[in-house]
Amino acid sequence: MTIRLFDTATREVRDFNPITPGEVGIYLCGATVQAPPHVGHLRPAVAFDVLRRWLTRRGLKVTLIRNVTDIDDKVLAKSAAAGREWWAHAALYERVFTEAYDALGVLPPTYEPRATGSVPEMVALMERLVDKGHAYGTGEGNVWFDVRSWPAYGELTRQKVEDLSPEEGAEVATGSASDAKKNPHDFALWKAPKPGEPESASWETPYGRGRPGWHLECSAMARRYLGETFDIHGGGLDLRFPHHENEQAQSRAAGYGFAQRWMHVAWVTQSGVKMSKSLGNGLLVSELLKEAPAPVVRYALAAVQYRSMLEWSPDTLDEARTTWERLSGFVARASERVGDVPAEEVAKAEVPDAFAAALDDDLNVPQALAVVHEHLRAGNTALASGTDATVRSELVTLRAMLDVLGLDPADPQWAASTDDRYAAALDGLVTAELKARAEARAAKDWATSDAIRDRLAAAGIEVQDSADGARWALS
């Protein structure tokens, strides 16, 4: 089946045909490293990690660029408030973001450029836009993109400049010449320093000393690492306008094909409200990892289709934990029964057609998980029936599917997420109950036998009787 992905620009699910056969170039807008990440920041990273894993499993070579915005208004303001050099503040939170990505099993990007490392490319792009008549300066340090010079402005989000409110997406100059700006919606390519900002946070250009505008950064880095035209540009839904609209306008006005498809990941919400620091409802990843193992947090973020809003509630982690324990429990018991399966075998194993069809259909993870659970049930049945060949087959199939989702319980990534003491304690208690039940059955004390089974069921333990004796699984 052909991979089909939704394109925000055309608002339809389309066949995905890479520009270069067998290869895929993806640019994902990364973090502005001003503060620690909450789960709203990590959802796009996890969603694109699943996409990358699936494209790779489909035999494509994926180049994924995820940038770091280490210079902008927020970084400067937060660093000043913290009493740190801006670059030290950015480096601190870049490490915190990296730790969060790593903790949730997000594969490292092919390249992770910092904005400050691509200033020459930004200046060259800005000069090109000025030469083509799409940009202009307003005094020392401020350079603006002229939105009315580009008739296609607004095509990504299907808006027209004349229909925008004066405040929507508008920026103000940081120097003294803001009254010379031609249009409220012209956006900054280069920004003059504000009074009191450190000199190290600005660079010399033909248009005066200043620092890059947010939108210019991504256009320059995407072209530097993926070329003038590439396959997919992605990010959070909140970036569509003005950030991605402005990126596309300036890149295409410069004469580049830029992104051929746009993919946006929906918000994480609480009580229907987008999660953000400004609303005070951000759930920091570091805090969630104190409440639940990392794969549980990843499962919670990955289980909802990427274009659907993820409503975060007090039950979110509990539900994800229950599912993870069922999956990891089966993998542990099956591996004990038939032996460990080499990671190389899992990586090469064919996934079920229904699972592949679900992910080929715009990365429909919920439908793919339905297939996972079908095989989980089949695996548990095989464990109860004593068919080792079937147990191993289901183990390999289940792990192959979970590997695509970054959730293979046998992956060393998650070894530290399992506290063997709890598993050992639970196994000891349940084994003792099963021994007492076996003794009651031998004595034909059916009332006691049934009471033990009911007691275990009430605790979420399913008893599976077989010719080899009783086994148990989380229900």
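Visitor: How do you know that the span of helix α6 (residues 240-253) agrees with its 14 residues?

Guide: At 1.5 Å a residue, α6 should span 20 Å, and its end C-alpha atoms sit 18 Å apart, so the two agree. The expected span is 1.5 Å times one less than the number of residues. Helices here are DSSP runs of H or I with at least four residues, strands are runs of E with at least two, and both are numbered from the N terminus.

This is a predicted model: local features need pLDDT of at least 70 and side-chain atom pairs 80 or more, while totals for chains, interfaces and linings use all residues. Residues count from 1 along each chain as its sequence is written, and side-chain values use heavy atoms, without hydrogens and water.

Visitor: Why is K181 called buried?

Guide: Buried means under 20% relative accessible area, exposed over 50%, and partly exposed in between (1.4 Å probe, protein chains only). K181 has 14%, so it counts as buried. You'll find K181 in the loop between β6 (143-145) and β7 (187-191).

Visitor: What does the side chain of K181 reach at 3.1 Å?

Guide: That's the backbone oxygen of P184. The backbone oxygen of D186 also lies 2.9 Å from a polar atom of the K181 side chain.

Visitor: What makes α6 mostly covered?

Guide: 11 of its 14 residues are buried, including F241, H244 and Q248. Just after α6, G255 has a positive phi of about 100 degrees.

How values were computed. Polar contact = N/O pair within 3.5 Å; in protein donor to acceptor, adjacent residues only side chain to side chain.
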